[in-house]
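Please open the model in your viewer and keep the selection panel at hand.

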Amino acid sequence: MAWRIVVGLKDNVRDARGERVRREIREHLGIDLQSVRTIDVYTVDAQLSDEEVAAAAAGPFSDPIIQDYAINQPLAHNFDVLVEVGYRPGVTDNVGRTAREAIQYQTGRSFASDEGVYTSVQYLLSGKISTDDAERIARDFLGNGLIQRWDIIARAGFDSNKGVPVTVPKVTSTVKPAIRPVDLEISDEDLMEISRQGMLALNLEEMKAIQSYYRQDEVIASRKEVGLGAMPTDVELEALAQTWSEHCKHKIFAARIEYEDDQGQQEVINSLFKSCIMQVTADVRKAKGKDDICLSVFKDNAGVIKFNDDWSLVYKVETHNSPSALDPYGGALTGIVGCNRDPFGTGMGARLMFNTDVFCFASPFYDKPLPPRLLHPRRIFEGVVEGVEHGGNKSGIPTVNGSLVFDERFAGKPLVYCGTGAIMPRVLNGQPGHEKEAKVGDRIVMAGGRVGKDGIHGATFSSEELHEGSPVTAVQIGDPITQRRMFDFLIIARDRGLYNAITDNGAGGLSSSVGEMAEFTNGFEMHLDRAPLKYAGLQPWEILISEAQERMTMAVPPEKLAEFSALAEEMGVEIADLGEFTDSGYFHCLYNGETASYLPMEFIHNGVPQMVLQARWTPPVHQEPVFSLPLDMNATLRQMLGRLDICSKESVVRRYDHEVQGGSVIKPLVGVTNDGPSDAAVVRPLFDSFEGVVVAHGICPSYSDIDTYHMMANAIDEGLRNYVAVGGNINHVAGLDNFCWCDPVASEKTPDGEYKAAQLVRANKALYDYCLAFGVPLISGKDSMKNDYMIGGTKISIPPTVLFSVIGKIENLRKAVTMDAKAPGDLVYLLGQTRDELGGSEYYAMHDQIGCNVPHVDASSAMQRYRTVNAAQDEGLLASCHDLSDGGLAVSLAETAFAGGFGMDIDLNKVLVDAAMREDKLLYSESASRLLVTVKPASQERFETLFAGQPFACIGQVSSDEYLHVAGLQGEALIHSTIDDLKEAWQSPLREM
Amino acid sequence: MAKQVRAVVISGNGTNCEREVANACRLAGADVVDIVHVAELLSGRARLDDYHFLNLAGGFLDGDDLGSAKAGANRLSHAAVKNSEETLSDQLHRFIADGKLIMGVCNGFQLMTKMGLLPALGGDYKRQSATLTFNDGGRFEDRWCYLKVDQESPCVFTHGLAGLYLPVRHGEGKFVVENDSVLQEIEAKHLAVVKYSDSEYNSPVMEYPLNPNGSVAAIAGVCDETGRLFGLMPHPEAYIHRTHHPRWTREPELPEEGMGLFLYNNAVSYIRKELL
C-alpha cells in the first residue's frame with residue numbers, strides 16, 4: 001500500500017522557497033500572487049507498518065522546530081489554487097532515493113526492487129488566479145511536461161479530509177526483452193526509413209556500408225558459428241549507430257572538405273581535427289622540445305599536462321546544449337556532473353579540483369513572441385544556473401571561472417559549457433598516472449548508478465508517443481551524491497591498484513565505454529543481462545546504449561575482483577561484473593547466454609565512411625557604421641556598463657561555491673568590496689606548495705558575423721591575456737577548444753551549408769596559426785555541430801561560437817595580481833596599441849550595427865608583451881592588471897577604478913594609436929592583446945625599462961577622489977562620473993536574477 | 001594512548017570539506033589527523049574513542065535532500081556498527097561524556113543542531129531545540145562575513161578572539177529556535193558564540209548582506225554549555241592562510257596565518273592542557 005506523507009512549514013515560519021517562487025512567477029509570467037507557500041510530499045510505496053511510516057515522517061522527513069507533518073491527510077489550507085508537481089515514471093528522483101535510504105536505516109530492512117519513495121511538491125497559491133493562469137503557472141514555470149506531471153486543484157474542489165489523491169509514478173512495463181533481427185535487404189528508401197524510425201541518425205551511405213558488410217560470405221559464416229543469422233540484430237545496429245554518431249565519431253571534423261576561399265583558391269582538407277587541431281599540438285610540442293608540458297592529449301577522456309615533478313593537471317570542457325534547451329535544470333546538472341566523470345576517468349583517475357561554466361543565452365528580458373516549443377530565455381537562465389549550482393556545490397567542487405554571453409540567436413539553442421579540472425599523481429603504483437591499459441582477461445566492471453532508459457537516443461524523442469506508465473528517455477537528471485559516493489570509493493580503489501583501466505559512461509553508455517576500452521585488448525565479451533536495472537522491461541539494446549548517469553566502467557584483474565567488490569559494498573556503491581576483455585577481435589554482447597552482437601572491432605570503430613563537405617568562403621558584406629559622436633559620454637559609458645555582456649554577474653557567481661577544497665587564491669570577485677570582475681582564477685591545489693593553477697577562457701561569437709578566422713584568433717588571445725593578467729606563466733599553458741556550430745552540411749534545410757562549412761574551416765585555420773604562434777598546445781576539446789532550431793518555417797542558427805579554455809601554472813601564487821586599482825597615485829598604463837577595430841564590438845552592437853573592422857591579433861607582439869607582463873609580475877611591479885575586451889578601454893578603466901574604490905585621471909591623448917581616431921572609438925575599440933595595469937610610482941622606472949621598445953603608454957593616474965575623469969583629445973572633460981554611479985550602472989541589470 | 005593530540009574528520013555521503021579541515025588540524029599542531037570515511041566507522045575498524053577532536057565538515061550530506069543534514073543525522077542515529085552492540089550515536093555520546101571536542105562547520109553544524117547536540121540546553125544532547133533552514137533570500141550564497149565573538153562565551157574554540165572574518169557558503173544557514181525561551185537561554189548562557197556583525201565587529205546585524213541569511217539574533221554559531229561542542233555556518237578552514245582572504249592582494253599587512261586557524265589552535269591547546 002502507499003502512504004502520502006506531507007510536510008509543511010508551521011504557520012509562523014517564513015517560507016523563503018515560496019517567496020522566491022512568488023517573485024519568479026511575477027518576473028516570468030507577470031502574474032502577481034498574494035502569496036505562495038510550499039509543502040513537500042513523500043509517497044511511500046512499500047511494505048511498512050503504519051508505525052514505521054509515522055517514524056519516518058516524524059524523523060528524517062520533518063524538522064520539529066519549523067515543520068508539521070500529516071499522513072494520508074492534507075496540511076494544505078488557506079489557498080486559492082493548489083498545484084502539485086511530481087516526476088513522471090522513471091525520472092531520477094534524488095530526494096526520493098534519499099528518503100528511501102532513510103527509511104531503510106530506520107527499519108534496518110532493504111526495500112524490494114518494486115518498492116520506492118516518490119516525491120512531489122505542493123504549491124499553495126493565493127490571490128486572484130484564473131484557471132488559465134493556474135495552468136500557465138504549472139506548465140510554464142513550476143513544472144516541465146517532459147519530466148513532470150501536475151495536478152491543479154482549486155480550493156472549491158479540494159477534499160479537506162483526504163487531500164490530493166495518491167499517485168505512485170512507478171514504471172510499469174509488459175515488454176518482453178528479446179534480441180530482434182533487422183532485415184537490411186531492402187530499398188534505399190526503406191533503409192532511410194529504418195534510420196529515421198529508429199532514431200539512428202545514420203545517412204544512406206552509412207546504412208549501405210552496414211548493408212554491404214552483412215552481405216560478405218565470411219561474415220555470414222562467422223556469425224553462424226556464434227548462432228547468429230545473416231541479418232544484423234537490433235543490438236548491433238544500435239551499437240553501430242551509437243559508435244558512428246556525430247556525437248561519438250565527430251564526422252564533420254573528420255570529413256574531407258573541399259574548400260574554396262574568396263580568391264578562388266582551392267584546397268582539400270582531410271580532417272580538420274587531424275590537420276589543424278592535432279597537427280598544431282604536434283608542432284608546438286616539437287618546437288618546445290624538453291619544455292613540452294603535454295602528457296596525454298586527444299586519446300583519453302580529458303587532456304593531461306605537467307604541473308610539477310609529482311603532479312599532473314587534467315582538464316576537460318563539455319557542452320550540454322540540447323538537453324539544457326529541453327530541461328534547463330536537469331540538462332545543466334547532468335552537464336556538469338557528466339563532465340566531472342571525464343577527468344575522473346582519465347588515465348588511472350584524477351581528483352576533481354575545480355569546475356568552470358560558460359553559458360550563452362538570449363536576453364532574460366526577451367519580450368518578443370517565441371517560436372513554438374522554445375522555453376523563455378529567462379527560464380533557461382534560471383534553470384541552467386540552478387542545475388550547475390546543484391551539480392557543482394553538492395559535489396564539493398569549486399566553480400572558479402565562467403562567463404555569460406548574450407545574443408538573441410541563443411534563444412534557438414542555449415550553449416551550456418561545463419568544464420572540470422583535476423589533479424593526479426605523476427606516478428601511481430609505479431606506473432605513469434595518466435596512462436592505463438585494460439588487459440586480456442580483465443573483468444568488465446560497472447560501478448555507480450543503475451541502468452534505465454535515461455538518455456536513449458538523446459533529444460530526438462517525441463513526448464506524444466509516451467503512454468502514462470512509460471519512462472521518459474530523453475532527459476536525464478544527474479545525481480551528484482551517488483556520483484560522489486562512487487568517486488570516494490574509486491579513488492581508494494585507484495590508490496590500492498585494484499583496476500587496470502577506468503573510463504566513464506557518458507554518451508553511448510556501455511557501448512561506448514566498453515567498446516573503446518576494449519581497443520586495448522581488441523575485443524570483449526559482455527553479458528547485458530548482468531547489468532543492474534532501475535526497473536524491469538529494458539531491451540538488450542537499451543541496456544547497451546542507455547546513458548543513465550553516475551556510472552564508470554573499470555577493467556579489474558580477476559584476482560583483485562574480490563577486494564574491489566568488498567570495498568564497494570562497504571562504501572555503499574553498487575558494482576556489477578559484466579564480462580571480460582578478450583583478444584577475440586569482436587564486440588561481443590550476450591543476453592541470457594545468447595549472442596546479441598558479434599561485430600569486428602575493426603568494423604565498428606573504423607568502418608564509417610568518410611563524409612565529404614563542400615565549403616566556400618564568401619566574406620559577408622558589412623559597412624562601417626556612420627553615426628555622430630554621442631553628446632553625453634557619461635551616459636554612454638553607463639549604458640555600455642549595463643549591457644548584458646559587460647555587466648556584473650555577481651548574482652550568479654555567488655550561487656556557486658568557489659572556495660570549497662580550500663585552494664581559492666584569486667576568486668571570481670575581487671576588490672575593495674569583493675565585487676570586482678576577476679580576469680581569471682588562481683587555485684592552490686596542494687596544501688604544502690605555493691605553486692598555483694591558473695584557469696581562464698576566451699569567447700567572442702559576435703566577431704563570427706564578420707569572419708570566424710578572427711573570432712577564433714580573438715578567443716585564443718582573450719583566453720591567454722586573461723590568464724596572463726593574474727600571473728599565469730605564458731610558457732606553461734595549454735588550450736582546449738570547444739566548438740559550437742550551426743549545421744554546416746549543405747542540404748534543403750541548410751542552403752547556406754557551404755558558407756557555414758567555410759566558417760568552420762576558417763576558425764580551424766586560425767586555431768592552427770595562433771596556437772602555433774603562441775606556443776600553446778591543444779590538449780582536449782569537443783564539438784557540437786547542430787545548434788539550430790527548426791520548427792515549421794522558422795530556423796534559428798546560433799552564431800558560430802568557440803570557447804577557448806586555458807589551463808596553466810603560476811610558479812609562486814603569492815605573486816598573483818588582481819584587477820582592482822590599489823592606491824591613489826599609482827600610474828595607469830595601457831599596454832598595446834589601439835586601432836580602429838570596432839567591427840563586432842559591443843559599442844557597435846549598442847548602435848545595432850556590426851561594422852567590418854574586426855580586431856586582428858598580432859601574435860608576435862602579443863607574445864612579447866605577455867612574457868614581459870610575466871617578468872613584471874615576477875618582480876612585483878604590477879599593482880593591478882586587467883584585460884581589455886568587451887567595451888574596450890572605457891569599460892576596463894571603469895572596472896579597475898570601482899573595483900579598487902578609487903577614481904582615475906586619464907588623458908585620451910596619451911593612448912597609443914596607429915592613426916587618428918574619434919574619441920568614442922578610442923574608448924570602445926576592442927583591439928586585441930591589450931592590458932591595463934597600474935604601477936606604484938616607485939616602480940615606474942623599472943617598469944618602463946622592462947617594456948622599452950614595446951607599444952605602451954602611461955595614460956594617467958589613480959586618484960584619491962571618487963571620479964573617473966577622462967580628458968578628451970581637446971583636453972575637455974569627456975567623462976566625469978563617480979565610480980559609484982558607474983558601478984551602479986554595471987551592477988543593476990542582473991542584480992535580481 | 002600516548003600523549004598525542006588526535007583529530008578525526010569524518011568523510012563520505014556528501015561531506016566535501018574533509019581535506020581542508022584535516023589540513024587546518026595539522027597546521028594547528030594536532031599530532032594525528034585522520035580522515036575517516038563513515039563506512040570505516042560503521043565497519044568497526046575505526047572508532048571515535050581513539051580521538052580527542054571530532055570534526056564534522058561542510059558539504060551536502062545525502063544532497064541535503066530531506067533538508068540540510070537531515071538524512072545524515074538519521075544515519076548517525078540509526079546505523080549500527082558492525083560486530084558490536086553499538087550504534088555510531090552511542091560512540092558519539094560517549095565521546096561527549098568523555099569531555100572531548102567537536103566542531104561542526106556548515107553542514108556539520110546543521111548535523112549537530114538537528115541531532116540535538118547543539119545548543120543542548122541543560123546538557124540534553126538528544127533533544128533538538130533549534131534548526132537551520134533556508135536563507136531568507138531563498139538562495140545559496142558564497143560570501144565573506146564579519147563575525148562578532150561573544151568573549152564571555154564558554155566556547156573553548158574562540159578563546160581570546162573578538163572578531164572573525166570568514167566565508168559563508170550555504171543555502172540553509174538561517175538559525176531558528178524552537179521558542180523565545182530557548183533564545184533567551186542561549187543568550188543568557190552566552191552560547192551564541194558568533195554573530196554576523198558590521199566590519200568593525202561592534203554589533204550584531206540583521207540586514208542583508210552583512211547578515212547573509214536572516215538568522216535570529218544574527219546567530220552564526222553556537223556552543224553547548226561546556227563550550228566543548230561548537231558549530232557555526234561560516235567556514236574557519238577556508239581562511240587559514242593570507243592568500244585565502246578575498247583582499248590579500250590589496251592588504252599587505254594581513255598576517256600569514258588566517259583567522260580561521262585560531263579556532264583549531266585553541267582546540268589543540270585545550271586538548272594538550274585538559275585531555276592528555
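**A six-stranded sheet in chain A**

Begin by selecting the six strands of chain A that make up an open sheet of mixed pairing, in the order 25-28-29-34-30-31; strands here are DSSP runs of E with at least two residues, helices are runs of H or I with at least four residues, and both are numbered from the N terminus. Strand 25 (664-666) and strand 31 (778-784) of chain A are the edge strands, each with a single partner strand, so one side of each has no neighbour in the sheet. From one strand to the next the twist averages 20 degrees.

This is a predicted model, in which local features need pLDDT of at least 70 and side-chain atom pairs count only at pLDDT 80 or more, while totals for chains, interfaces and linings use all residues. Residues are numbered from 1 along each chain as its sequence is written, chains are lettered from A and ligands numbered from 1 in the order in which they are written, and side-chain values use heavy atoms, leaving out hydrogens and water.

Within this sheet, select strand 30 (residues 733-740) and strand 34 (residues 801-810) of chain A, which pair in the antiparallel sense over eight bridges, pairing being counted when DSSP finds at least two bridges between two strands. Here G735(A) stands opposite V806(A) of strand 34 of chain A. Helix 21 (residues 708-726) of chain A packs on the sheet, touching strand 25, strand 28 (681-683), strand 29 (692-698), strand 30 and strand 34 of chain A, and its direction makes about 25 degrees with that of strand 34 of chain A; contact means heavy atoms within 4.5 Å, and angles run from 0 to 180 degrees between N-to-C directions, with axes fitted to C-alpha atoms, for helices over the stretch in contact.

**A three-stranded sheet**

Now select the three strands of chain A that form an open, mixed sheet in the order 8-7-24. Its edges are strand 8 (266-270) and strand 24 (612-616) of chain A, each with a single partner strand, so one side of each is left without a neighbour in the sheet. Strand 7 (residues 256-260) of chain A pairs with strand 24 of chain A in the parallel sense over five bridges, and R256(A) has V612(A) as its bridge partner in strand 24 of chain A. Helix 22 (residues 753-774) of chain A packs on this sheet as well, touching strand 7, strand 8 and strand 24 of chain A, with its direction at about 85 degrees to that of strand 24 of chain A.

Helix 10 (residues 272-288) of chain A lies across strand 7 and strand 8 of chain A, running at about 80 degrees to strand 8 of chain A.

**Two helices side by side**

At what angle do helix 10 and helix 22 of chain A pack? The angle is about 5 degrees, and their axes are 9 Å apart. Helix 10 of chain A is therefore roughly parallel to helix 22 of chain A, a term for angles under 35 degrees.

**A strand covered on both faces**

Finally, go to strand 18 (residues 501-504) of chain A, where A501(A) and T503(A) on one side and I502(A) and D504(A) on the other are all buried, that is, under 20% relative accessible area with a 1.4 Å probe, protein chains only. Four bridges join strand 18 of chain A to the antiparallel strand 20 (residues 551-556) of chain A, in which M554(A) is the bridge partner of I502(A).

How values were computed
Buried < 20%, exposed > 50% of the residue type's maximum accessible area, 1.4 Å probe, protein only. Parallel < 35°, antiparallel > 145°, perpendicular 65-115°, else oblique.
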